[in-house]
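Q: I am new to this structure and would like a close look at a single part of it, taken slowly and with the details joined up.

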Amino acid sequence: MHTETVNMHEAKTNLSKLVDHISTQGGSFIIAKAGKPVARVTAIEKKPRTGMLQGICEIPEDFDSLMADEIESLFTGGQS
């Protein structure tokens with residue numbers, strides 16, 4: 001993977017485009033001042049949220065309605 005080097009002016013002018021590119025394509029870019037590298041901007045690795053506990057625990061099919069009556073009574077003071 002090639003890491004692009006951009007000068008400070010180009011980085012300021014095109015920061016949004018540069019960040020969009022690395023956030024979708026991965027990688028990084030280097031910002032140079034007077035031709036010397038001074039900073040590297042790197043995309044943050046996104047960790048998938050779904051399936052992260054797969055095989056460790058099971059979520060029941062009725063998860064969204066578990067304890068619905070009890071929760072409703074907390075909001076209504078036990079009066080339906």
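Taking the sheet and what lies against it, in what order do the strands of the open sheet come, and is the pairing parallel, antiparallel or mixed?

A: This is a predicted model, and what follows should be read with that in mind. The sheet is an open one made of 3 strands, which come in the order β1-β2-β3, and the pairing among them is mixed. Its edge strands are β1, covering residues 4-7, and β3, covering residues 36-42, each of which pairs on one side only. Direction ignored, neighbouring strands of this sheet are turned against each other by 30 degrees on average.

Within the sheet, β1 and β2, the latter spanning residues 28-33, pair in the parallel sense over 4 bridges.

At the start of α1, a side-chain oxygen of Asn7 reaches to within 3.1 Å of the backbone nitrogen of His9. Further along, α1 bends by about 80 degrees at Asn14.

As a general point, an α-helix has 3.6 residues a turn, so residues three or four places apart point the same way. Just after α1, Gly26 takes a positive phi of about 85 degrees.

A positive phi also occurs at Ala34, where the value is near 55 degrees although the residue is not a glycine. Ala34 sits in the loop between β2 and β3, and it counts as exposed because its relative accessibility is 78%, above the 50% cut-off for that word. Beyond the sheet, in the loop between β3 and α2 (68-76), lies Met67, another residue other than glycine with a positive phi, near 55 degrees. Met67 is exposed too, with a relative accessible area of 55%.

Definitions and conventions:
Residues numbered from 1 in each chain as written. Predicted model: local features only at pLDDT ≥ 70, side-chain atom pairs only at ≥ 80, totals over all residues. Heavy atoms only, no water. Pairing = 2+ DSSP bridges. Helix = DSSP H or I, 4+ residues; strand = E, 2+ residues; numbered from the N terminus. Axes fitted to C-alpha atoms, helices over the stretch in contact; angles between N-to-C directions. Bend = angle between axes of the 7 residues up to and from the residue. Polar contact = N/O pair within 3.5 Å; in protein donor to acceptor, adjacent residues only side chain to side chain. Buried < 20%, exposed > 50% of the residue type's maximum accessible area, 1.4 Å probe, protein only.
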